[in-house]
Amino acid sequence: MTWQREIDELAHRRELAHRMGGPERVTRQHAAGKLTVRERIDGLVDRGSFHEIGELAGQAVYEDGKLVGFTPRARLVGLAEIDGRPVVVGGSDFTIRGGSGKGLGQNRSLSEDLASEYRLPRVELYDSGGANVEAISDQGSIYLPNSFSNWAPRIKQMQSAPNVAAVLGPVAGGPAGWAVLSHFSVMVKGTSALFASGPPVVRRALGHDVTKEQLGGSEVHTRVSGTVDNEAESEADAFAQIRRFLSYMPSHVWELPPQVEPRPAPAETEELLSIVPRDRKRPYSMKRLISLLVDGGEFFEIAPHYGAAVITALTRVEGKAFGVLANDPNVYGGAMDASASDKLARFVELCDYFHLPVLYLVDVPGFLIGEQAERAGTLRKGARAIWSWTSMTVPTFTIHIRKCYGMAGAATSNASRLSWRLAWPSGEFGSIPIEGGVDAAYRRQIAAAPDPDAKRRELEESMAKYRNPFLTAEAAGVEEIIDPRETRTHIARWLKLAYRVLPQELGPKPRYGVRP
C-alpha cells in the first residue's frame with residue numbers, strides 16, 4: 001500500500017495551477033507584449049531557484065467528490081535567489097481575473113511576513129486591475145476597507161529590508177498604492193500604467209475620456225509625478241534594473257551593503273582637468289564626471305527623468321557601495337527645483353536607512369526662483385531636503401565642483417556632524433551669486449549712474465575676485481582644495497573610514513520630528 005494515488009493527484013493539481021488563466025488568456029497576454037507571472041519570475045531570479053509557497057491555492061469545482069475544474073489564485077508567492085542571495089518574490093497574473101483580488105486565497109500578507117521574519121528583500125511584480133466588483137456577489141456582502149490591513153505588513157517589512165516594485169501592466173486601486181510603497185520602483189514603457197482608478201471609473205465619475213497611457217503611463221509617473229522611479233524599455237530591462245538595485249543593497253538593516261572585487265576607474269583621469277569649462281556659464285556632463293571616478297565607470301541612476309536637476313545614483317569605489325548626489329548643470333543650471341528637492345530627500349533617506357555612505361558632488365547656484373518655482377512649493381520641499389540631509393547618520397563627504405550658493409548650498413553638507421568638504425579649483429561659493437547680489441545690494445547706485453549697465457559691470461568685476469576658492473581656503477572655509485585627478489583617491493580614503501564605523505550603526509533607524 002502506497003500513497004501513489006495522492007501523489008498523482010498532487011502532480012495533476014500542480015499542472016492545473018501552472019496553466020494560469022488558460023491557453024487563450026496566456027496567448028492574449030503575450031500578444032499585449034507581456035509575460036505571465038511565472039515567466040517573469042523565471043526572468044528575474046537565478047535559474048531554478050524559485051520555490052513557490054501555496055501552489056495549490058485557488059478555487060476548485062467538484063462533481064461527486066471528483067475535481068473537475070480549478071482556477072489558481074491570481075497571485076504567486078515564493079522564495080528565490082538573485083545573484084545567489086535569498087529574496088522573497090511575489091506577483092499577480094493578469095491572465096487570472098485580471099490579476100484582481102478575487103480568488104487570491106488566504107494569507108494575504110505571506111510575502112511580507114516571510115520577508116520580515118527572515119529579513120529578506122522583497123520583490124513584487126504587479127499586473128493587476130485591483131478590486132473586482134464581481135467578488136461582491138460571491139461574498140454576499142460589502143466589506144469595510146479597513147476590515148483587513150494590506151498596508152501594515154508592507155510598512156513593517158519596509159522597516160527591515162529592501163522592497164522593490166515592478167509595474168508590468170495596468171495596475172489600479174490597492175495594488176497601485178502598494179507599488180508606490182517601495183524603496184525602488186520601475187515600470188515598462190508602453191505596456192505599464194498606474195492609477196488610483198482606471199479609465200472606466202474616471203469616465204464614469206468625472207466624464208473624462210482618457211487612455212491608460214495618458215492617465216498613468218510611464219511618461220506621467222517617471223517624468224512628471226515622480227510616483228515611479230525608473231522607466232524600462234522592456235520587462236527584461238526592468239528585471240535587470242531590479243537586480244542592479246539590489247546588488248548595492250544589504251539584505252536587511254542589520255547587515256552592511258555588499259562589497260565586491262574592486263574595479264579601476266576609466267583611465268582618462270586627465271580629462272578631469274578640463275571637464276569643467278573656465279566659462280562659468282557653460283554646462284558640462286556631470287554624469288561623465290561621475291563615470292571617471294567610480295569602479296568600471298558604472299553607476300546605477302535612480303529616477304533619472306524626474307527632478308533631473310539633481311542626479312541620484314548608487315555606485316562603488318574600490319568595491320565599496322555608496323550613494324552619490326550630484327547637481328546637473330544642464331538642467332536649470334543645476335538649480336534645485338521642487339521635484340529635485342523631493343528626489344534628493346527621498347534618496348538620502350534611502351541611503352541613510354540602509355547604511356550607504358553619501359557623496360555629494362556640488363554645482364548648485366541655489367533653489368530655482370520665479371513664479372512657477374514658488375507655486376510648486378520649492379521652498380517647502382527644499383527645506384525638506386535640508387531636513388533629510390541634516391538628519392542623516394551615515395558618513396557623508398562633499399566635493400565642490402563649481403557653484404555652491406544660497407539655501408540649496410546649505411543642503412550639501414551635514415553641519416550637525418563632521419562636515420568634511422573638499423573643493424576643486426573651479427569651486428565658487430557664497431550666500432548669493434555676485435551677479436544677482438550686485439543688483440540687489442547696489443540698486444540705487446546702479447540706477448543713479450549715467451550708464452547703469454556700465455556701473456553694474458564695474459561692480460560685478462570688482463566683486464568677482466572674492467570668488468577665488470583659495471581665499472575661502474585661507475579663511476578655513478573649506479577643508480582642502482584638491483587636484484581633480486586626485487578625487488578618486490580622496491573618495492577611497494573616505495569610504496575606508498566610513499566602512500570602519502558603519503558596523504556600529506546597524507539596525508533600524510528611528511525618525512524624530514515632523515519634516516517640513
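**Entry 1**

I count two strands as paired if DSSP finds at least two bridges between them. Helices (H or I, at least four residues) and strands (E, at least two) are DSSP runs that I number from the N terminus. With that settled, I looked up Tyr62 and found that its bridge partner in β3 is Leu67. Strand β2 (residues 58–63) and strand β3 (residues 66–72) run antiparallel to each other, with six bridges between them. Two residues separate the strands of this hairpin, and Asp64 there has a positive phi near 55°.

A note on the source: this is a predicted model, so I take local features only at pLDDT of at least 70 and side-chain atom pairs only at pLDDT 80 or more, while totals for chains, interfaces and linings use all residues. Residues are numbered from 1 along each chain as its sequence is written, and side-chain values use heavy atoms, with hydrogens and water left out.

**Entry 2: the chain as a whole**

Of the 516 residues, 48% are buried. For me, buried means under 20% relative accessible area, exposed means over 50%, and partly exposed lies in between (1.4 Å probe, protein chains only). The accessible surface is about 24,700 Å², and carbon and sulfur atoms own 54% of that. These areas come from the Shrake-Rupley method with a 1.4 Å probe, and for residues only the protein chains shown count as cover.

I also checked contacts, meaning heavy atoms within 4.5 Å. Among those between residues at least 6 apart in sequence, 73% join residues at least 24 apart.

**Entry 3: Glu235**

Where does Glu235 sit? I found Glu235 in helix α11 (residues 235–248). Its relative accessibility is 7%, so I file Glu235 as buried. Leaving out residues up to four places away in sequence, Glu235 touches Gly33, Lys34, Leu35, Arg40, Leu168 and Val188. The Glu235 side chain reaches the backbone nitrogen of Leu35 at 3.4 Å.

That last one is a polar contact, a pair of N or O atoms within 3.5 Å; within protein, one must be able to donate a hydrogen and the other to accept it, and residues adjacent in sequence count only if both atoms are side-chain atoms.

**Entry 4: Asp229**

Next I looked up Asp229, in the loop between α10 (218–224) and β11 (230–232). Is Asp229 buried or exposed? At 5% relative accessibility, Asp229 counts as buried. I noted two polar partners. A polar atom of the Asp229 side chain lies 3.0 Å from the backbone nitrogen of Ser185, and the side chains of Asp229 and Arg346 meet in a polar contact of 2.9 Å. Beyond neighbours within four places in sequence, Asp229 has contacts including His183, Phe184, Thr222, Ile302 and Pro304.

**Entry 5: Asn327**

Asn327 belongs to strand β14. Its relative accessible area is 0%, so I list Asn327 as buried. A polar contact of 3.1 Å links the side chains of Asn327 and Tyr360. Not counting residues up to four places away in sequence, Asn327 also touches others, among them Met286, Val310, Met336 and Asp363.

**Entry 6: aromatic rings**

How many aromatic pairs does the structure hold? I found seven. Rings of Phe, Tyr and Trp (its six-membered ring) pair if their centres lie within 6.5 Å; planes under 30 degrees apart count as stacked, over 60 as edge-to-face and the rest as tilted.

The rings of Phe322 and Trp494 have centres 6.0 Å apart and planes at 85°, so I call this pair edge-to-face. Phe322 is in strand β14 (residues 320–327) and Trp494 in helix α21 (residues 487–501), so the pair ties together parts 172 residues apart in sequence. Phe322 counts as buried at 1% relative accessibility, and Trp494 does at 3%.

Phe397 and Trp494 form a stacked pair, 5.4 Å centre to centre with 20° between the planes. Phe397 lies in strand β16 (residues 396–405) and Trp494 in helix α21, so this pair ties together parts 97 residues apart in sequence. Phe397 is buried, at 0% relative accessible area. I ended with one aromatic cluster formed by Phe322, Phe397, Trp420 and Trp494.

**Entry 7: charges over rings**

My rule: a charge sits over a ring if NZ of Lys or CZ of Arg is within 6 Å of the ring centre and within 35 degrees of the ring normal. The charged end of Arg119 sits over the Trp254 ring, 3.8 Å from its centre. Arg154 lies over the face of Trp178, 3.9 Å from the ring centre.
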